[in-house]
Structure formats: C-alpha cells, structure tokens
Amino acid sequence: MTKPAAPTLDVRIWRGATDGAFQHFRVPARENQTVLDVVTEVQRHHDPTLSYRFACRVGVCGSCAMTVNGRPRWTCRTHVNKVAGDGTLTIEPLRHLPRIKDLACDMTPFFEKWQRAGGVFSPTVSRDDPVSSVTPDDPGRRAADAAIECINCAVCYSACDVVGWNDDYLGPAALNRAWSLYNDERHGDRAGVLRRVSEAGGCASCHTQGRCTDACPVELGPTRSIAGLKRASLLAFFGLDGH
Amino acid sequence: MERMLFVLQRVTAVLLAGMVVVHIAVILYASAGSLSVAEILGRTRGNVAFAAFYGLFVAAAAVHAPIGLRNVLHEWTPLPRVAVDIAMAAFAATLVWLGGAAVHAVFTA
C-alpha cells in the first residue's frame, strides 16, 4: 500500500529584475508556515541563487515585505494558510520600487522621499541639556505617538496607487513620518516639515483611498496622518496653527 | 504654488457645494413651473443678484475644474507638466469665457 502524498504548495516566484519571469516550485505544506518560511525553503532546498531580503523574522525590522498573491505583506508574519487557501502562492517584489533581482527591491527612492518630506529629527537641545519633558496626554504627543511605530517596510508605499501614478508623490510612509515629526514638540523644524509636505507631490496629492491604512501590517493610519497634514497645510495658509 | 492651488480647490469646492444646490433648485423651479423662455429671461434680465450669483459660480467652476483635471492629467498621461499647466490655464480661460458669455447673455437679453 502506497503512502498518501504529502500536501504541497504550488509556489510561483518572480525571478530576474524588471525583465524576468515566474518560476514554479513545489514546497511541502506545513501546519505552521509563514510566506517567508516558504521563500527560505525554496532558497535552501531548490535554488540557492534566489535573492530576497529579511532580517529579524519577527515583524520588527520591516525588511521582508513582498507582494503575496497580489497584495503587499510582511512575509515573516503572514501565515500561508491565511493567504493561500487553494494551496497556491504567487510571490513578487514590492510594487513601485526598482527591482534588483528576484524578490529584492532597491529601497533608495522610498528612503529618499523620507528625507524629502523632512523626516530627519532635528533636536532642539543638546546632550548636555536636561532630558525634554514630554506629556503623554498632550494632543500633539498623542498624534505623534499614533504614527510613530512605523517599521519602514514600504508595504503602504507598494499598496498606494497614487505612488504608481505620480513619481513625485512622497507616499504614505514619508508623510506619516512627517506628521509624527510635525506633532513632536521636541522637533526643531516643524514649520519646515509642513512646508516640504505642502510642495508638489506632497500631502495634497493623496486621494484618500485608504489602501495604505488597509495594508499597514502594524495597523497605523497613514491616511489619517495625511489628512492631518492637509488640514495643517490649509490652516497655515491662512496663518492659523494646525497643531 | 501647489499649496495655493490646493487651497483654491478646497475653497471653491466649499462654494460650489452650496451653489450647485441652489442651481439645481433654480432648474427645478424653472422646469416644474413650466416657465417659458420669455418668462425665464424676464426674471434674469437686469437681475444683479442673479448675475452676481452665476458670475461667482462660473469663477468658482473655472478655478476648481482645471485644478482637478490638472491632477488627473499629471497622474494618467505622460504629458510634460508645463504643457499640462498651459493647457489648464487655457481651459480655465475657456470656462470663464463661455460661462461669462452665458451670464451676460441672460442678463442683457
């Protein structure tokens, strides 16, 4: 009597850069298996030349994001049985970023836009000064806190259609970061942040589709942050404080 | 420049939201009452309030629509930004001309 065949997954993985093709693999289906486990299994047991990016494997570093069955996801925290009910997985690199090889993207444009949006913290005190006092219940602090846990995975950037339509658009992650800094009373250039995000490709380009918020793996609300920046930009135009 | 356009589009949107409701009410009043052309022109001729309302309506629409269309063209076509901006300035001027001519016509008819 023959043993029943072990269940397998039908996995299609993008190979190559912009010019490439999908390659099929059959991978054992396991009880507990993340998409990153599947990619790792392919690299370890099928093709060691497969390129992909990961580091922490526990949803902290934000480096393993890929497009899984048409949707951007953090692969280390995405269980296969939640996204591949029919036993098939299609894994591609993130949208809207240059493809380097296989599943690895060039993140340069993503982080350049962080810089363009004024995402670098500018301290108002030095290490010789006393530590700044921060009031947790302050409305500005609460707004900053709500946006601050971004892990820079670029899932929102990949989910956003406007990023694909408009090369100039800063994208949800950079604008979310800008909103966090705009509300941070310790930041030395809050007016500069608002000026930068009010330029071409800034917050006014957002269509409020909400795909960033829908896709964010750590459940932040970039759409709300961008709406806050729009409101602050509008009020600043009339000489009013948007905080 | 971008912030100015953003503000102008929002402000004109607020204006148009109310004005479109009034405009629809005017249409319903004219059509439900089965007013003749002569009766309609009799109400609009020399009516400064009517001309001021629709003059503002035309101005708001001529500002609002080209800004929105500019965004659509930037996002959906490969046209250079300068070309889009020039085309939208021309589109705004056309709206002012057509709308202004219509308001002028029924005011002086």
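1. Is H74(B) buried or exposed? H74(B) has a relative accessibility of 13% and therefore counts as buried (buried means under 20% relative accessible area, exposed over 50%, partly exposed in between, with a 1.4 Å probe and protein chains only). The residue sits in helix α3 of chain B, residues 48–76 (helices are DSSP runs of H or I with at least four residues, strands runs of E with at least two, numbered from the N terminus). Beyond its neighbours within four places in sequence, H74(B) is in contact with W165(A), R81(B), V84(B) and D85(B) (contact means heavy atoms within 4.5 Å).

2. On conventions: this is a predicted model, in which local features need pLDDT of at least 70 and side-chain atom pairs count only at pLDDT 80 or more, while totals for chains, interfaces and linings use all residues. Residues are numbered from 1 along each chain as its sequence is written, chains are lettered from A and ligands numbered from 1 in the order in which they are written, and side-chain values use heavy atoms, with hydrogens and water left out.

3. Chain A averages a pLDDT of 93, and 98% of the residues score at least 70 (pLDDT is the predictor's confidence in each residue, from 0 to 100). Within chain A, confidence is lowest in helix α4 (residues 139–147), with a mean of 89, and highest in helix α5 (residues 155–159), at 98.

4. The interface involves 11 residues of chain B in contact with 18 residues of chain A. The two chains bury about 1,200 Å² between them, 62% of it on carbon and sulfur atoms (buried area is the accessible area, with a 1.4 Å probe, that two parts lose on being put together, summed over both). R3(B), F6(B) and E75(B) supply 53% of the area that chain B buries against chain A, more than any other three residues.

5. Between chain B and chain A there are three residue pairs in polar contact, both at pLDDT 80 or more (a polar contact is a pair of N or O atoms within 3.5 Å; within protein, one must be able to donate a hydrogen and the other to accept it, and residues adjacent in sequence count only if both atoms are side-chain atoms). On the side of chain B that touches chain A, the elements giving two or more residues are α1 (2–32) and α3 of chain B. Of these, α1(B) gives the most, with seven residues. That side divides into five nonpolar, one polar and five charged residues (Ala, Val, Leu, Ile, Met, Phe, Trp, Tyr, Cys and Pro count as nonpolar, Asp, Glu, Lys and Arg as charged, and the others, Gly among them, as polar).

6. At 14% relative accessibility, S205(A) counts as buried. Apart from residues up to four places away in sequence, S205(A) touches V162(A), N166(A), Y169(A) and E75(B).

7. One salt bridge is found across the interface of chain B and chain A (a side-chain nitrogen of Lys or Arg within 4 Å of a carboxyl oxygen of Asp or Glu). D168(A) pairs with R81(B), the closest N and O atoms being 3.8 Å apart. D168(A) is partly exposed at 30% relative accessibility, and R81(B) is partly exposed at 34%.

8. Within chain B, R70(B) and D85(B) form a salt bridge at 2.7 Å, N to O. R70(B) lies in helix α3 and D85(B) in helix α4 of chain B, so the pair ties together parts that are 15 residues apart in sequence. R70(B) is buried, at 7% relative accessibility, whereas D85(B) is partly exposed, at 29%.

9. Over all chains the count comes to 13 salt bridges. Among them, R30(A) and E41(A) pair with their closest N and O atoms 2.8 Å apart. R15(A), D47(A), K101(A) and D102(A) are linked in a network of salt bridges.

10. Backbone geometry deserves a check. Most residues other than glycine have a negative phi. R57(A) has a positive phi of about 70° although it is not a glycine, and R57(A) is exposed at 58% relative accessibility. T208(A), likewise not a glycine, has a positive phi of about 55°.
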